[in-house]
Amino acid sequence: MDRQEVSDALWERIEPHLPGKAGDPGRTGRDNRLFVEAVLWLARSGAHWRVLPKEFGRWHTVYQRFNRWCRNGVWERLFAALSDDADFEYILVDSTIVRAHQHSAGAPKKRSIRRSVEAHALGRSKGGLSTKIHAATDALGNPIRFLLTGGERNDITQIEGLLDGLQARHVLADKGYDGQRAMDAIAASGAKPVVPRRRTTAQWRSFDSHLYKERNLIERFFNKIKHFRRIATRYDKLARNYAGFLNLVAAIKCAA
């Protein structure tokens with residue numbers, strides 16, 4: 001097959017964490033590798049589901065399986081399994097805006113916590129409909145955690161969720177996190193802040209400008225995942241499905 005995203009070495013790391021293996025409860029998965037290749041092709045190209053090449057199988061069958069894996073948290077567990085060897089010398093936090101395509105709006109509204117989460121992950125900012133990816137990476141620039149919000153949400157509002165349960169010596173972030181809320185969350189994690197002060201910040205604090213230069217690693221990570229067009233632009237109506245693509249791509253980057 002010409003369209004190949006997954007090498008043999010990479011597949012050896014991915015395969016044990018996917019459902020449908022012999023011995024797993026339920027039905028055995030039919031060619032998990034071809035299915036993952038199909039999802040990665042869609043992530044890379046940003047193409048519509050209906051134009052999925054026939055060599056990957058019927059597009060609707062692939063979509064239904066992808067949707068089911070998103071609903072069951074398979075991609076999140078894959079990402080967690082492949083990102084468990086983090087270097088916690090320091091943590092980098094930042095966010096990036098993702099433009100939402102017009103087709104990503106209009107998901108049916110239901111009264112549920114899950115639908116509430118979906119709604120909060122698609123908002124209207126100055127550039128129109130958008131989603132914001134809030135991320136934390138380790139000292140090597142490898143992803144540890146993601147949170148999705150509407151594009152209009154302030155970065156500092158997600159700091160507690162990004163750092164919850166993580167411990168490091170330092171937390172590196174830009175001026176968007178210069179506020180008492182972020183300082184309290186960083187202190188609660190047992191880390192020291194490496195965050196430049198705004199001119200309007202009254203309280204003085206020490207700042208390691210040399211260590212702060214490492215913050216470029218999280219910017220480089222965002223650039224890498226945005227090589228996948230379906231990450232750079234949100235086409236999916238459901239936040240959980242967009243997060244499915246995001247978790248798969250991040251897992252691939254961790255394992256590569």
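Predicted model: local features only at pLDDT ≥ 70, side-chain atom pairs only at ≥ 80, totals over all residues.
Residues are numbered from 1 along each chain as its sequence is written. Local features need pLDDT of at least 70 and side-chain atom pairs pLDDT 80 or more, while totals for chains, interfaces and linings use all residues, and side-chain values use heavy atoms, without hydrogens or water.

Biologist: How many aromatic pairs does the structure hold?

Modeller: Rings of Phe, Tyr and Trp (its six-membered ring) pair if their centres lie within 6.5 Å; planes under 30 degrees apart are stacked, over 60 edge-to-face and the rest tilted. The number of aromatic pairs in the structure is 13.

Biologist: How many residues apart are Phe35 and Trp69?

Modeller: Phe35 and Trp69 form an edge-to-face pair, with 4.9 Å centre to centre and 75° between the planes. Helices (H or I, at least four residues) and strands (E, at least two) are DSSP runs, numbered from the N terminus. Phe35 is in helix 2 (residues 32-45) and Trp69 in helix 3 (residues 59-71), so the pair links distant parts of the chain, 34 residues apart.

Biologist: Why does Phe35 count as buried?

Modeller: Buried means under 20% relative accessible area, exposed over 50%, and partly exposed in between (1.4 Å probe, protein chains only). Phe35 counts as buried because its relative accessibility is 4%.

Biologist: Which helix holds Phe245, the partner of Trp49?

Modeller: The pair of Trp49 and Phe245 is tilted, at 6.3 Å centre to centre and 45° between the planes. Both residues are buried. Trp49 is in the loop between helix 2 and helix 3, and Phe245 is in helix 11 (residues 239-255).

Biologist: Which residue's face does Arg65 lie over?

Modeller: A charge sits over a ring if NZ of Lys or CZ of Arg is within 6 Å of the ring centre and within 35 degrees of the ring normal. Arg65 is 4.4 Å from the ring centre and lies over the face of Phe35.

Biologist: Within what arc do the buried residues of helix 4 fall?

Modeller: In helix 4 (residues 74-82) the buried residues are Val74, Trp75, Leu78, Phe79 and Leu82. The arc is that of the directions from the helix axis to the C-beta atoms. These residues line one face of the helix, because seen down its axis they fall within an arc of 135°.

Biologist: How many disulfides does the structure hold?

Modeller: A disulfide is a pair of cysteine sulfur atoms within 2.5 Å. Cys70 is buried, with a relative accessible area of 4%, and Cys254 counts as buried at 14%. The number of disulfides in the structure is 0.
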